[in-house]
Amino acid sequence: LLSADSNKNATIVPSRAGFGKSTWILALLLASCDLNQNMPAFARSLGGLVLVVQKIETLNEILHCIEHYFPDSSSDLVAMLQGWSQSGQQNGFCRNQLVNSFEQCHKQACPYASDCQILQFNQHGDQAYIVGITQARFNLLRRNQHSLDALLKRTTEQGETYRRFIIFDEKFDFAQTATL
């Protein structure tokens with residue numbers, strides 16, 4: 001990935017099911033976190049990563065793994081865009097038991113809004129080195145170019161930069177992705 005001679009074309013690394021793609025992606029994410037901690041200037045030059053997966057449960061598993069290895073700085077390293085899913089409820093991302101979907105969330109009237117991790121993503125997501133989203137959310141954002149640009153943009157103390165890597169895990173419709 002780092003030897004790509006141009007950012008004008010996507011680098012696609014195909015592999016059949018069961019060949020360890022998810023394991024290698026997790027290893028890349030952990031190495032990226034370590035790089036961000038130990039070589040921040042170089043990590044800044046890479047911009048960061050966007051991880052696109054099928055299931056929110058996968059994002060939460062990756063989040064827990066990064067939190068395990070980087071407990072003191074995981075909030076600076078990674079932000080996983082959460083939704084109102086069973087996995088999100090089990091992980092305590094939305095503490096309001098009356099809310100089961102985005103449409104049911106009334107931010108201003110919710111007693112838990114001030115420490116809601118789902119609502120805080122926009123505040124934290126633009127700064128995190130790694131941002132994780134689901135394929136469904138990626139497709140929604142891609143329909144609105146401004147939203148996709150905002151996802152790719154990263155704000156640091158040194159200014160704005162762009163996350164240069166978008167990693168898709170699991171099957172994805174690459175014909176539509178070619179428009180990136």
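Biologist: Where does Ser32 lie, and what makes that stretch a helix?

Modeller: Ser32 lies in helix 1, residues 21-38. Helices are DSSP runs of H or I with at least four residues, and strands are E runs of at least two, numbered from the N terminus. This is a predicted model, in which local features need pLDDT of at least 70, side-chain atom pairs count only at pLDDT 80 or more, and totals for chains, interfaces and linings use all residues. Residues are numbered from 1 along each chain as its sequence is written, and side-chain values use heavy atoms, with hydrogens and water left out.

Biologist: Why is Ser32 called buried?

Modeller: Its relative accessible area is 8%. Buried means under 20%, exposed over 50%, and partly exposed in between, with a 1.4 Å probe and protein chains only. Ser32 is therefore buried.

Biologist: Which residues is Ser32 in contact with, leaving aside neighbours within four places in sequence?

Modeller: Leu49, Tyr129 and Ile130. Contact means heavy atoms within 4.5 Å.

Biologist: How do you know that the buried residues of helix 7 line one face?

Modeller: In helix 7 (residues 135-143), Gln135, Phe138, Leu141 and Arg142 are buried. Seen down the axis, they fall within an arc of 120 degrees, so they line one face. The arc is taken from the directions from the helix axis to the C-beta atoms. On the other side, Ala136, Leu140 and Arg143 are exposed.

Biologist: What makes a set of residues a nonpolar core?

Modeller: The members are buried Ala, Val, Leu, Ile, Met, Phe, Trp, Tyr and Cys residues, joined through side-chain atoms within 4.5 Å. The largest such core here has 30 residues. Helix 3 gives the most to this core, with six residues.
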